[in-house]
Amino acid sequence: MIDILADIKKAFIEKITSSSSEESIESLRVDFLGKKGRITGVMKQMGQLTPEERPAFGQSANEVRTFIESKIAEKKKEIKARELEKALEKETVDVTMPATPMTEGSLHPLNKVTEEMKRLFIGMGYEIAEGPEVEYDYYNFEALNLPEGHPARDTQDTFYITDKMLLRTQTSSVQIHVMEHKKPPIRIISPGKVYRADNLDATHSPIFHQLEGLVVDKGVTMGDLKGTLEVYAKAMFGDNTKIRLRPHHFPFTEPSAEVDVTCWGCGGKGCRICKGEGWVEVLGCGMVHPDVLRRCDIDPEVYSGFAFGIGIERTALARYGVSDLRQFFENDVRFLEQF
Amino acid sequence: MKAPLKWLLAYTDIEYKDSDAFADEIASLMTLSGSKVETVDKLESKIKRVVVGKCVEIKRHENSDHMFVCMMDVGAEFGGVIQIVTGAQNVKLGDHIPVALDNSVISGGREIKAGKLRGEVSEGMMCSFEELGLSSSNFEGGIDDGVIVLEDLKILGGKDYDSFVGKDIMEVLDVCYKDHVIDFEITSNRADCFSVTGLAREAAVTMGAKFSLPEIKVKETAKGKAEDSIAVQVDDSDLCPAYFARTVKNVKVAPSPKWMRERLEACGVRAINNIVDITNYVMLEMGQPMHAFDRRTVRGGRIIVRRAKDGEIFRTLDGQDRTLNANMLMIADEIGTIGIAGVMGGENSEIRPDTTEIVFESATFDAVTVRRGAKSVGLRTEASSRFEKGLDPMLALISINRAAQLVEELGAGEVEKGIVSFKREDAFLDREVPFDPEKINAFLGTDIHAAEMVKILENLECRVNLEKKIIVPPYFRHDLICIADVAEEIARFYGYNNIESTLLKNCEMTLGSRTKKQRIRDVIRNRMSGSGFREMLTYSFESPNVYDKLMLPADDAHRNFVKISNPLGEDYSAMRTSMAPTVLRTLAFNHAQRNKTAWLFEISYVYIKKANEEELPEHREQLAVGAYGDMNFFKMKGVLEALFEELKLPEAEYIASKELPFMHPGRTADICIGGKKIGYFGQIHPLCADNFEAPRDSYIAVLDLEPLAAGAVEIPKGKELPKFPAVTRDLAVVLDRKIPQGEVIKIIRQRGGKLLESCELFDCYEGIQVGIGKKSLAYSLCFRSPEGTLTDEDIDKQMKKILNGLTNIGAELR
């Protein structure tokens, strides 16, 4: 009987080595371990043995069964691993094929530049003020020392709604709104749309954007204005940027200045961007005129302040190397997706 | 203001150098002290390669009855003897004539090249005065009809003509005025810098040089007195603080001398005759506009300054009829008007070649009146642009004498004795301006010594009284009014860039911040960008006809827009009342550029007129979204839901809407949050899409920003995760297909009560199996209690309630 077990084992080993598929392993399992399988068959014949022989035989039979079971499991694992390997091989992709595109969005370059400025000034203690675009003449001109008949009104071709109402030509109008409602200390910036009756071309647009700044407090000096603008220029145009103030005239500031920065194209040596000057004009500024303060019930004997107005388009043109202003307002997605 | 540098420096002790570097340096120093230089142009002859040639042979052209073929010796340097064909009839053998060589440039930038004239080679062209940009009247002996023959000209009389051969004609005629012309941007506060002397003053202070006005002396050689020739009467002295008149007898109208013509022309002013040129010269030199009347035309011998009559028609010097109004100031005589004060003289009193007596006017007129007057007749002249900035009576007085002096120097006539004048009492009053060095230092953030300040102010011709802490500005500085103006003068010449930079060192810290609305605006922008949309920036103008394109009825509220009274054109005359056209136009633009998809958004204003039109319109801020390509109704809905989720808004309700004529009637929904309509979205109506040439699969969404910002929760409260397991049940019902799914889910949620955690539609089916006109909706319901595990009984109870509710709307369990 023991010999039969040995034969079964031998036969199993022969068969399993030649099996390579999951199906053949399964039929092998049925053949040897199934209800009608060889092991079961041998076990059924155990009755023919003497009681003394039975334990030894039983033990051997169990050993053979365990051996077969473990071998089958082993073989199955082997086959699975091989099949997985095949499957993975099949799933291999060409990693150099193009990506599946995500739907990408973007923010407008003019707003991105404005956002940078906002962050900078908020960090310096400024709040963001907002004011109307359709505005009273008073806020846009009169309160800013530009009464009707003032020649400086000519420099800003104005769109009028009525005699008293217009489209603001400058964000400076927000200065007055702020000072009417808030007493010093005041530190605000106010970005927004402004309107001037210019025809659209590569460098002009009837609608463009400015960012106004206003600081009013006790002891504010022109040195503070200069220092603030230096921080701004370095943040926007690079650490090595220098600024230059040129005396100018704005009716609502005194002293007034236009501010140039060293050219970002050439660093001041002179190039196409700065037309060989080495400097590029970026903003206008000055100390708030005492009459403007007085009109808003702020005593110029106690308080002083400075204001500045930055052209957003000009900064964005510089920053992104865009040559034609019109592209900002056409909103061609191929243009927008670059930023 | 164009100022010839040589002329400008003549009033200082700085010597002009004919070098670009010299001019550039002055320009840059002037810019930094506040006189901004726009351009520096080197003034040189625009005529190139025109040289003197000698006619060594002349014969008739064989194929022409009026042309000649000449052999001209133009000198070895230019090829010796060359052949020139000319139509001029005044050429003789041996004449010396200017010849424009091959590749030369003559007046007006015209290029001359060698060519053939009726078969004969011509290697250039002989030139007339006109062709060289010159006037024969400035060259005695010269003629207009024909080419220039040097032998004819008096100025070259007796010269060795052969020595001129091959020489530049402009040099031979001594008409090469060499200078640098600096174009300054003059700001509106500096009327004084609208003159060569004004800029010379600035230059002198800037460069630490000395400034001096020319010495003005009038000999008054005529026998008579001015007051016997003319009277001046100012009726409206509120608009005319001072008026000065001088008279000149035995006037000889003639060309001005070369030096004056050169200076005028360098400033871009055409020389006309000595009298007109003197008025222009004084205006450029002093900044005071002047006028000269023919005395014969001043009827009654009296000049009257008065307001015009409404509707009065007057012909100005330029031959145009102008309609006047009572706000304008006129110069009149006893019969009628002879000039618009400060703007332009009349044709009726113009200086003519036979004029023998003139009246010079030098006056001060009210700035605003001149500005308004010039505007209302549409005439902005050199004179008006100076008067409108505000001039001083003292300047008028100095200038009338300067003009008289020039008349005498030019021999243009004999000046009568005295000045006929009108002066308002306050015309020559000094003004005091506060000056406090300590305050100025505190204001500028500087530490400038008082003595240094005084020096700067004195250089600027201010009288300083340090004890009284005042200054008296010179007559020409009307812009110095308050201490801040004085501070600017100090800062300009101390150097803006020498001020030490500080960062609000005297002030306390403040906290920078954004308001909630500003923060939410940015959250929305970032979310939309994250959802695949590109931010656009658009014009707020609209054409009124977009409302037709939107197919809005004639009485639609959108048509009641804020109108621009002076738009760039009709198409830009309306402030938008809807974001839809803006979005559609941008989609159409992208479509026209053949972009396959365009997903765009913007947060911007629409402008809603108030009932009271004197009030500013409401600036309603809206989020506008537009997309075509790879977009559909439910995708757009998903985009909006993602936004609402980000803002933690309460659940939105969508109500089918057919209200907007420009939207697809079956694919548009109003969006409500908390029961309030906040906007709409959907597909655009195909006809409207066609009207804008936008793709028909364009989707738009427009939402008011205000409720989004107000409702947004910035800091949401965290909830504990559930401890007990959930039980899910599926529910499928069959009902009338017209009942919106939203109604069904609403009932399920109401009836499901607190235990119903979520309910999701997972299938919607219409077909023969569920019956015609019916649909099947299948939901997955999830129940959970925070207090314990739910039993089947608990859930059955809820399911029964739900079913009862659904039965009420005719739904049957499937």
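Is B:Glu714 buried, partly exposed or exposed, and what is its relative accessibility? B:Glu714 counts as partly exposed, at 38% relative accessibility; here buried means under 20% relative accessible area, exposed over 50%, and partly exposed in between (1.4 Å probe, protein chains only).

1. Basis of the note. This is a predicted model, in which local features need pLDDT of at least 70 and side-chain atom pairs count only at pLDDT 80 or more, while totals for chains, interfaces and linings use all residues. Residues are numbered from 1 along each chain as its sequence is written, chains are lettered from A and ligands numbered from 1 in the order in which they are written, and side-chain values use heavy atoms, with hydrogens and water left out.

2. The pair B:Arg519 and B:Glu714. A salt bridge (a side-chain nitrogen of Lys or Arg within 4 Å of a carboxyl oxygen of Asp or Glu) joins the side chains of B:Arg519 and B:Glu714, at 2.8 Å from N to O. B:Arg519 lies in helix H14 (residues 516-530) of chain B and B:Glu714 in the loop between helix H19 (705-711) and strand S36 (727-736) of chain B, so the pair ties together parts that are 195 residues apart in sequence. Helices (H or I, at least four residues) and strands (E, at least two) are DSSP runs, numbered from the N terminus. B:Arg519 counts as partly exposed, at 34% relative accessibility.

3. Salt bridges overall. Over all chains the count comes to 81 salt bridges. One of them joins B:Lys92 and B:Asp95 at 3.6 Å, N to O. B:Asp95 counts as buried, at 4% relative accessibility. Another pairs B:Arg190 with B:Glu202, with the closest N and O atoms 2.7 Å apart. This pair links distant parts of the chain, 12 residues apart: B:Arg190 is in the loop between strand S11 (179-185) and H4 of chain B, and B:Glu202 is in helix H4 of chain B. Both B:Arg190 and B:Glu202 are buried.

4. Helix H4 of chain B. How many residues of helix H4 (residues 196-206) of chain B are buried? The helix is mostly covered, with 10 of its 11 residues buried. Among these buried residues are B:Val196, B:Leu199, B:Arg201, B:Glu202 and B:Val205. Just after H4(B), B:Gly208 takes a positive phi of about 65°.

5. The interface between the chains. Contact (heavy atoms within 4.5 Å) takes 91 residues from chain A and 90 residues from chain B. The size of an interface is often given as the accessible area lost when the parts come together. Chain A and chain B bury about 7,400 Å² between them, 54% of it on carbon and sulfur atoms; buried area is the accessible area (1.4 Å probe) that two parts lose on being put together, summed over both.

6. Polar and charged links across the interface. The rule finds seven salt bridges across the interface of chain A and chain B. In one of them, the side chains of B:Lys36 and A:Glu281 meet at 3.1 Å, N to O. Between chain A and chain B there are 53 residue pairs in polar contact, both residues at pLDDT 80 or more. A polar contact is a pair of N or O atoms within 3.5 Å; within protein, one must be able to donate a hydrogen and the other to accept it, and residues adjacent in sequence count only if both atoms are side-chain atoms. On the side of chain A that touches chain B, helix H8 (residues 222-237) of chain A gives the most, with eight residues.

7. B:Cys55 is in no disulfide, and the nearest cysteine sulfur, that of B:Cys70, is 4.4 Å away. B:Cys55 counts as buried, at 1% relative accessibility. B:Cys240 is buried as well, with a relative accessible area of 0%.

8. Two individual sites. B:Ser136 is placed in the loop between strand S10 (124-126) and helix H3 (169-172) of chain B, and is buried, with a relative accessible area of 12%. Its side chain is joined to that of B:Asp144 by a polar contact of 2.8 Å. In chain A, A:Leu317 lies in helix H10 (residues 312-320) and counts as buried, at 19% relative accessibility. Leaving aside neighbours within four places in sequence, A:Leu317 is in contact with A:Val322, A:Asp324, A:Leu325 and A:Phe328.

Terms used
A disulfide is a pair of cysteine sulfur atoms within 2.5 Å.
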